[in-house]
Amino acid sequence: MTTDVDTADVRPAAPAWRAHGNARRSTHVLRLRVSGVLVAVTVLAVLLVPPLTQLDQQAVDLAAKLRPPSWAHPFGTDDVGRDLLLRCVYGLRVSLLVGVVAALTATVIGTAVGATAGALGGCADRTVMRLVDTLSSVPHLLLGIFIVAMFRPGVWPVVVSVALTHWLSTARIVRAEVLSLRSRPFVDAAVSGGASRWRVTVRHLLPGVLPQAGLAAVLMVPHAMWHESALSFLGLGLPTHTASLGTLIQGARGSLLAGQWWPTLFPGLFLIIPTLAVAGLAGVWRERINPRRRSELML
């Protein structure tokens, strides 16, 4: 007994690996869009909120202290009546400044050290990497506290502290990439053609490590923001009158114990959300420049 089947309606089932790849691509695109929107909102808030509000973020109003969120104060007020939304925006500006400048400085230092060690090789490479290993054995926060303690509280001592404690990972990444590039045929051809070590490093090795160094800088921004917030929370970073996310959270500890949750919650969200957004964009960038990861995404 035979059954007539309309062959036009028969569709081959999609392979499981292709369906899995489509789901991963959808997640990839969603993460990119959400992270991009959050970063754009953060930048717009930092740039537009202070000039549009025309309010003094240091203005004290004891009659309005510790008011919960309302239309007049969307994030509420702190323990001396200052608008918490404006204080959070100003604190985010300081944290972003410290994070971006410290990340760029640390990336430049790490790239220079890693490229030099990888290009020279031999005894110089071993000496530099043993120094990197020695410094890496000291916790970043303790070393940062030691550096900040030598200066007066301010933004630039914190930048110096974060930069001098965060270049080590970049140096390792750049050195490994340089060692990989040194074995490539085009480097051998340049050396055989009479190119000096300096020329090979500048013309062939450094351009090859710039994508990895740029990714390291982007990934370092959230880490630097958290490091600055930790120092400020401990009272060792910025002055107490300067708005930063760390000082805001530190000043709100007593309010949290008294049941006022908003002075702690909103500065914490201003710290967590932008760092997750930047980390999401950095993850997308890493998948773009990593051929193995990109081939996995296409499955």
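Predicted model: local features only at pLDDT ≥ 70, side-chain atom pairs only at ≥ 80, totals over all residues.
Reader: In which helix is Ile 272 found?
Author: Residues are numbered from 1 along each chain as its sequence is written, and side-chain values use heavy atoms, with hydrogens and water left out. Helices are DSSP runs of H or I with at least four residues, strands are runs of E with at least two, and both are numbered from the N terminus. By this numbering, Ile 272 is found in helix α11.

Reader: What is the relative accessible area of Ile 272?
Author: A residue is buried under 20% relative accessible area, exposed over 50% and partly exposed in between, with a 1.4 Å probe and protein chains only. Ile 272 counts as partly exposed because its relative accessible area is 36%.

Reader: Which helix gives the most to the nonpolar patch?
Author: A patch is made of residues with over 30% relative accessible area and no salt bridge, like charges being joined within 9 Å and nonpolar side chains (Val, Leu, Ile, Met, Phe, Trp, Tyr) within 5 Å. The nonpolar patch, which includes Leu 30, Trp 226 and Ile 272, has about 970 Å² of accessible area together, such areas coming from the Shrake-Rupley method with a 1.4 Å probe and, for residues, only the protein chains shown as cover. At least two of its residues come from α1 (16–53) and at least two from α11 (262–289), and the most, with 5 residues, come from α11.

Reader: How many residues apart in sequence are the parts that Asp 125 and Arg 175 tie together?
Author: The side chains of Asp 125 and Arg 175 meet in a salt bridge of 2.7 Å, N to O, where the term means a side-chain nitrogen of Lys or Arg within 4 Å of a carboxyl oxygen of Asp or Glu. Asp 125 lies in helix α3 (residues 122–136) and Arg 175 in helix α6 (residues 168–182), so the parts that this pair ties together are apart in sequence by 50 residues.

Reader: Which residues do salt bridges that share partners join into one network?
Author: Asp 133 forms a salt bridge with Arg 172, and the closest N and O atoms are 2.9 Å apart. Asp 133 lies in helix α3 and Arg 172 in helix α6, so the pair ties together parts that are 39 residues apart in sequence. Through shared partners, one network joins Arg 130, Asp 133 and Arg 172.

Reader: Which side chain makes a polar contact with that of Ser 244?
Author: Ser 244 lies in the loop between α8 (197–233) and α9 (245–251) and is buried, because its relative accessibility is 0%. A polar contact is a pair of N or O atoms within 3.5 Å; within protein, one must be able to donate a hydrogen and the other to accept it, and residues adjacent in sequence count only if both atoms are side-chain atoms. At 3.4 Å, the side chain of Ser 244 is joined in this way to that of Glu 228.

Reader: What value is phi of Leu 66 near?
Author: Most residues other than glycine have a negative phi. Leu 66, placed in the loop between α1 and α2, has a positive value, near 55 degrees.
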